[in-house]
Amino acid sequence: MLLIHCPYCDETLPEAEFAYAGEAHVSRAAVPSEVTDEVWRDFLFYRSNVRGPHYERWRHVYGCGRFFNAVRDTVSDRFLTTYEAGAPKPALTDLEGQK
Amino acid sequence: MTRFSAFALVKNALTGQKGWEAQWPDSQPKQEYDVVIVGAGGHGLGAAYYLAKEHGITNVAVVEKGWLGGGNTGRNTTIIRSNYLYDESARLYDHALDLWEGLSQELNYNVMFSRRGVLMLAHNVHDVQSFQRHVHANRLNGVDNKWLTPWEAKQFCPILNIDQDARYPVLGAALQRRAGTARHDAVAWGYARGAAARGVDIIQNCPVTAIRRDASGRVAGVETGRGFIRAKKVAVSAAGHTSVVMDSAGVRLPLESFPLQALVSEPVKPCMPCVVMSNAVHAYMSQSDKGELVIGSGTDQYTSYSQRGGLPLIEHTLAAICEIFPTVTRMRMLRKWGGTVDVTPDRSAILGKTPVPGLYVNCGWGTGGFKATPGAAHVLAWTVAKDEPHPINAPFTLERFTSGRLIDEAAAAAVAH
Amino acid sequence: MSYRIPGRGRVDHADPVRFTFDGKSLKGLRGDTLASALLANGIHLVGRSFKYHRPRGIVTAGSDDPNALVETSRDSGRFEPNTRATVQELRSGLAAESQNRFPTLEYDVGEVNNLLAPLFSAGFYYKTFMWPRNFWDKVYEPVIRRAAGLGRAPTEVDPDHYASRYAHVDVLVAGAGPAGIAAALAAARSGASVMLVDENSEIGGSLLSEPGVEIGGTPAWDWLADAAAELEALGVQVLPRTIAMGYYHQNMVGLCQRVTDHLDTVPANAPRERMWRVRAARVVLAQGAQEKPLVFDGNDRPGVMLAGAAQTFLNRFGVRVCDRGVVVTSHDSAYHAAFDLADAGAVIAAIVDTRSEIRDDLRSEARARGIEVLASHTVTGTKGRLRIKSVRVNPVASGRVLSPRTLFCDALLMSGGWTPALHLFSHTKGGLAWDAEAQTFLPDRKTENCEIAGAGRGLWGIGAALADGAKAGAEAAGALGREATTPEFDVTTDRAGTGRAHEELPTDRNPSRVRAFVDFQNDVTAKDIRLAVREGMRSIEHVKRYTTTGMATDQGKLSNINGLMIAADALGKTPPEVGLTTFRPPYTPTTFGAFAGYHRGAHFEVTRKTPIDPWAEAHGAVFEPVAQWRRARYFPQGEEDMDAAVERECRATRASVGIFDASTLGKIEVTGPDAVEFMNRVYTNPWTKLAPGKLRYGVLLGDDGYVRDDGVIGRISEHQFHVTTTTGGAARVLNTMEDYLQTEWPDLDVWLTSTTEQWAVVALNGPNARKVLEPLVEGLDISNAAFPMMSVADCTVAGLPARLFRLSFTGELGYEINVPARHGLALWEALMTAGAPHGITPYGTESMHLLRAEKGFIIVGQDTDGTVSPQDAGLGWALGSKKADFIGMRGLQRPDLVAKGRKQLVGLLTEDGAVKLEEGAQITAERDAPLPRAMIGHVTSSYRSPALGRSIAMALVKDGHDRMGEIVYIPMENEVIAARIASANFYDPDGGRAKA
């Protein structure tokens with residue numbers, strides 16, 4: 001069971017309190033009717049599925065209920081950081097530096 | 001190739017086992033091949049076998065980053081069935097089932113395909129409706145699948161708990177008698193041996209780092225840990241690692257890779273004659289020929305390549321197993337392992353051409369890839385050889401995600417593979 | 001005869017314990033394991049091997065024994081296979097049976113396999129049993145299956161229960177040998193919270209087998225008692241009989257504690273085992289090392305045992321495993337076993353050492369005891385059917401095996417050196433590095449916050465273990481910011497040593513006749529491994545899988561390194577080039593029930609019940625599980641079956657009034673200044689013009705355009721909506737709403753609150769619904785004019801604060817009365833009383849489904865299936881086409897969703913109204929055609945309609961909306977049913993009854 005830091009509660013808590021919510025920074029078009037089928041397909045279905053640091057969303061569903069973002073290494077399952085939804089995407093170089 | 005037979009066994013028993021030769025050579029990469037297949041699992045090796053045997057294309061290499069059969073081929077719970085709902089899926093898996101039935105003889109390698117029957121349990125009214133929909137659709141598609149009452153299900157699998165006061169009572173079951181299990185490693189080895197005998201190079205410990213394209217955009221070959229290998233055609237069949245490989249060719253795929261866990265018990269004398277699947281509680285069990293109870297679990301919630309998986313899922317799976325089979329609580333878990341499964345948005349495979357000329361892909365099998373092995377391999381070989389999909393895999397295109405023409409077994413039935 | 005040495009060991013010589021083995025009554029002592037008790041009775045033969053059914057004896061003194069697996073039972077239901085005799089503590093009345101033999105352990109017909117062994121080479125089954133084609137699963141496989149397996153599976157339901165617990169500690173120490181104890185002391189003295197676990201019945205590890213060691217001038221066992229007392233005083237949680245079975249992400253370690261298996265009687269309510277999930281800031285792995293067998297012809301005969309095991313049986317249990325032993329070794333440690341046994345009165349015929357160089361002190365100690373030491377020797381065979389009688393040894397000179405001699409013995413004690421126990425470290429995906437000098441893998445790159453101490457990282461001897469453990473414990477505490485000092489231990493009479501690893505020992509005999517076992521249980525020989533390599537299995541994983549070496553119940557603890565050495569030799573590679581197979585959890589086989597813990601029976605998963613559930617139960621309701629809820633399905637009277645009960649319930653509702661518990665409906669309160677804008681974006685429908693006090697049916701899509709949920713939604717005030725969802729969809733819908741609100745539209749000022757469990761909901765339907773309700777309502781005029789269809793208002797019902805909905809899911813005049821959950825039952829009872837004059841009839845989900853089907857109302861998940869658009873479902877009218885966006889709007893424009901040929905929801909009337917279709921039945925356009933048939937749809941809902949006096953059905957049919965009036969066919973197994981496509985609004989199509 002992973003340990004996850006909720007940036008809103010500022011506590012590190014077991015995975016059982018959280019729900020994974022897919023890749024982060026996948027943006028929904030502001031005016032969906034104006035985008036092509038391909039753009040909509042990418043929004044619906046295409047994910048980076050990276051091997052390594054992965055920007056992803058979690059929801060502290062059995063806690064504060066907030067959605068937040070995280071960077072997790074999908075090879076080791078280790079979290080590099082978590083941050084509030086809407087906060088800018090942290091550069092990986094900064095995170096590697098933290099390790 | 002030494003032909004395997006009882007006679008050969010006796011002969012070798014009398015001559016100190018001296019007559020056995022390598023089942024496949026440890027090939028070194030040549031500079032160029034007609035076809036390079038990335039990934040030496042059952043699907044990739046099988047495709048090489050059928051390319052050589054049915055299409056006469058023998059200048060083929062199967063390139064594998066680890067050891068052949070070491071991915072999901074060697075990490076699954078070996079369930080084989082074809083009672084899928086949609087015509088497209090039913091045809092694909094039934095094609096595989098037809099091939100499974102003769103595979104040992106085809107390969108001269110006993111893959112131990114055991115038609116012991118797969119029982120899928122319905123635990124609520126919704127399950128019943130959904131499974132009956134399957135049974136009816138299967139019948140009209142010529143696919144064997146039969147609805148059983150709880151009592152009939154218990155006759156078929158005596159250790160089943162059909163107490164109607166259970167938390168998730170068994171309200172009935174769909175039985176595909178023709179379905180069953182096979183010896184997973186043997187499938188990879190049998191195809192490897194058959195392909196190698198027809199001239200295919202199997203190159204292990206050779207990670208593919210990138211797919212190269214020429215100036216026209218057509219595929220040119222693969223970069224590997226052992227240098228560049230030129231290829232006229234490249235087929236990627238790398239399961240959970242497909243995304244990473246295809247990315248290098250500029251082909252993005254709607255895939256996500258999740259950890260999937262499975263486990264076995266200590267071996268015991270036969271106590272379970274068939275395979276039982278319970279999708280409502282995510283637990284699958286059969287007993288191997290060695291006597292181990294083979295148990296499959298669901299996927300963890302997050303994407304991962306760690307092949308690790310968490311404890312809570314195993315706890316849930318074994319709780320479910322103890323509910324369905326209450327006499328097994330004192331049995332012990334011997335070994336648990338994790339695999340990485342590649343899942344598409346509609347949980348059906350992508351098998352066919354890609355936007356890059358000469359590049360083909362076979363991926364997205366999720367938790368259902370093993371059962372498809374001979375079928376997928378067979379139509380992948382066809383697709384590569386003819387540069388057009390076989391009618392069976394024609395619907396399994398990448399384009400369906402743009403049009404919305406999904407083959408969504410899971411949405412249709414809330415059924416895991 | 002007894003092999004017990006009076007007064008010796010840690011067993012209680014004053015407390016005899018009776019037990020049986022294969023029906024024979026025997027005596028052991030309190031403190032024995034089953035294995036030590038059997039050995040005390042002179043019994044080595046305990047089982048038969050998996051494949052060849054060879055007689056096998058006890059090999060180890062620990063949980064890694066491959067042979068000493070027996071069936072044990074206590075009483076009815078408490079039977080289990082594959083109990084490790086070396087782990088199972090002796091208890092009074094323990095009944096043990098040997099396994100995998102017929103008819104007896106001594107005369108087993110399965111032994112014929114042993115004669116046919118040349119046929120059963122590695123992977124033989126891949127090469128035969130293929131003809132005739134149908135024989136595999138009918139003939140060969142059943143025979144193979146019966147021959148395989150070890151013990152028998154339990155056949156009764158387990159009367160025991162299993163517990164689970166979470167714990168959080170600063171430092172978890174796995175393994176309570178000298179290294180683990182020192183680590184626990186060092187960490188605990190710094191003030192850290194420490195948990196110390198060990199699989200044995202008491203702490204001490206190798207100290208239990210080394211009573212002669214002195215630590216700080218104190219004899220080992222006295223020191224141990226002092227250490228135990230100090231650990232207790234420091235508050236260290238010491239868990240014996242507890243296996244650290246798996247090491248999971250971020251320092252979570254799974255422990256399995258045996259609670260009752262060692263007790264004479266099972267205390268009431270005590271769990272049999274307890275699973276611990278321990279989250280530790282630091283973990284110290286001090287699991288020691290495992291002794292390896294040597295690989296030579298006949299190394300599997302009963303009486304052939306690891307030297308260290310013999311030492312443990314002697315010193316810890318006071319059992320001398322032989323009268324006359326021979327020792328064969330490649331490691332110094334076996335000398336000490338020989339010396340201890342000699343000192344205890346056994347004859348040691350010789351110490352056969354594969355090495356040429358032998359330490360002088362060992363030589364002289366052997367000489368002092370009159371033990372012959374044969375350096376540079378090999379073992380080339382053993383004899384004896386059910387117990388070893390002699391061993392054949394040969395000198396080796398310049399790589400040549402010279403003439404043999406025979407040594408008579410009743411035990412052969414072997415040591416091929418020691419393998420660090422790195423299983424848990426490997427679970428973390430930690431890296432291993434090959435130590436060429438020690439010829440073993442050692443821990444290297446760490447991925448978790450752990451230390452490895454003692455023999456686990458290749459250090460040998462009590463002194464080294466104590467020092468290293470102390471250092472690891474102090475480091476662990478230091479890493480947590482504590483001041484920790486590293487205790488020092490002065491160890492005398494330590495018996496450290498070194499050794500070397502081997503592939504199979506050299507022999508002078510015809511290699512084809514040699515059977516040198518690598519994996520005892522799975523009957524894998526050195527020859528099998530070499531054959532596998534010759535057949536192209538070049539990866540160690542292939543060798544493992546092809547030969548099954550390392551796949552037995554010890555998971556390769558004894559065999560992995562020997563197998564690797566042989567495979568590497570066959571491949572002409574070094575062991576690290578070949579690599580090790582992955583260690584997988586659990587460390588030792590772990591009981592299913594312990595994983596399941598409390599999640600059994602009714603507690604397998606939570607059952608949600610409504611406030612009205614007790615009434616339904618008291619009134620004989622038949623329930624069905626829906627998501628996590630249990631819902632009343634119907635209320636049979638007398639001998640009624642479901643069909644009869646449902647027909648009665650439906651007729652009564654349409655004729656007068658029915659009452660239904662709708663509390664499981666999902667409910668979400670959407671409030672805030674931007675609530676209406678939020679609703680506009682989430683649901684397909686337009687909400688701006690819905691006036692407060694009014695209801696509207698809402699449809700929720702996914703962004704792919706498919707129907708996800710639906711429900712009636714009330715606008716309570718300008719900025720407040722009362723949303724209802726399907727029973728199963730409540731959590732999903734709230735999650736979707738939160739997701740879009742928090743991450744796509746954080747600018748909207750809206751709050752979402754789940755109120756599913758706050759409201760109890762009672763639905764009242766039927767022409768007399770108002771008559772029943774009206775007298776109970778205060779603060780609201782519910783006349784048809786004042787409170788028409790699709791209205792909502794707060795009021796008082798039966799003196800209870802209520803939110804009243806007027807809507808109809810049945811086609812009749814209907815109300816849904818929401819009251820705070822605690823009043824649900826009171827409301828229900830008040831309505832039952834008020835309705836009694838009208839014959840009010842409770843109905844369940846089955847009637848609810850039928851009544852709505854007569855009106856053609858859909859049930860999401862039954863009439864839709866995740867691939868159905870709102871237009872497909874006939875809900876196109878619910879799309880707010882003037883809106884700029886809503887979830888799913890763009891998805892609906894995708895090519896396949898606007899194409900022809902989509903499956904659309906229609907009504908279906910069988911030509912013969914007496915015939916009811918089966919739900920899930922498939923629909924075809926032609927009556928007859930060969931298989932495979934082209935299917936154009938399927939039946940989603942089907943009932944016998946009491947109101948219409950005939951069957952009705954709903955179906956998804958390709959282009960169904962354009963096929964009204966057409967005949968389609970439903971081919972069943974034995975007949976073809978014709979049906980006509982119709983509107984699904986079968987009953988009161990104008991809807992006048994609901995509006996009345």
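In this predicted model, the secondary structure of chain A amounts to 2 helices and 6 strands. Read from the N terminus, these elements follow the order β-β-β-α-β-β-β-α. The C-alpha trace of chain A extends over about 40 × 30 × 25 Å along its principal axes. Of the 99 residues in chain A, 29% are buried. Among the contacts in chain A with a separation of 6 or more, 49% link residues 24 or more positions apart.

Turning to how the chains meet, the contact between chains A and B draws on 18 residues from chain A and 20 residues from chain B. On the chain A side, two elements give two or more residues each, namely strand 3 (19-23) and helix 1 (37-45). Helix 1 of chain A provides the largest share of that side, with 4 residues. By class, the chain A side that touches chain B consists of 7 nonpolar, 4 polar and 7 charged residues.

The contact between chains B and C takes 80 residues from chain B and 92 residues from chain C. Here the elements of chain B that give two or more residues to the side touching chain C are helix 1 (6-14), helix 4 (103-107), helix 5 (125-140), helix 7 (184-197), helix 9 (311-324), strand 16 (332-343) and helix 12 (409-413). Helix 5 of chain B makes the largest contribution to this side, 9 residues. The side of chain B that touches chain C divides into 37 nonpolar, 23 polar and 20 charged residues.

For a reader who would like to find the pairing in the structure, M333(B) has T590(C), in strand 33 of chain C, as its bridge partner.

Just after helix 10 of chain B comes D387(B), where phi is positive, at about 55°.

Key:
Residues are numbered from 1 along each chain as its sequence is written. Chains are lettered from A and ligands numbered from 1 in the order in which they are written. This is a predicted model: local features need pLDDT of at least 70, side-chain atom pairs count only at pLDDT 80 or more; totals for chains, interfaces and linings use all residues. Two residues are in contact if their C-beta atoms, placed from the backbone, lie within 7 Å. Ala, Val, Leu, Ile, Met, Phe, Trp, Tyr, Cys and Pro count as nonpolar, Asp, Glu, Lys and Arg as charged, and the others, Gly among them, as polar. Two strands pair if DSSP finds at least two bridges between them. A residue is buried if 20 or more other C-beta atoms lie within 10 Å of its own, exposed if 12 or fewer, and partly exposed in between; C-beta atoms are placed from the backbone.
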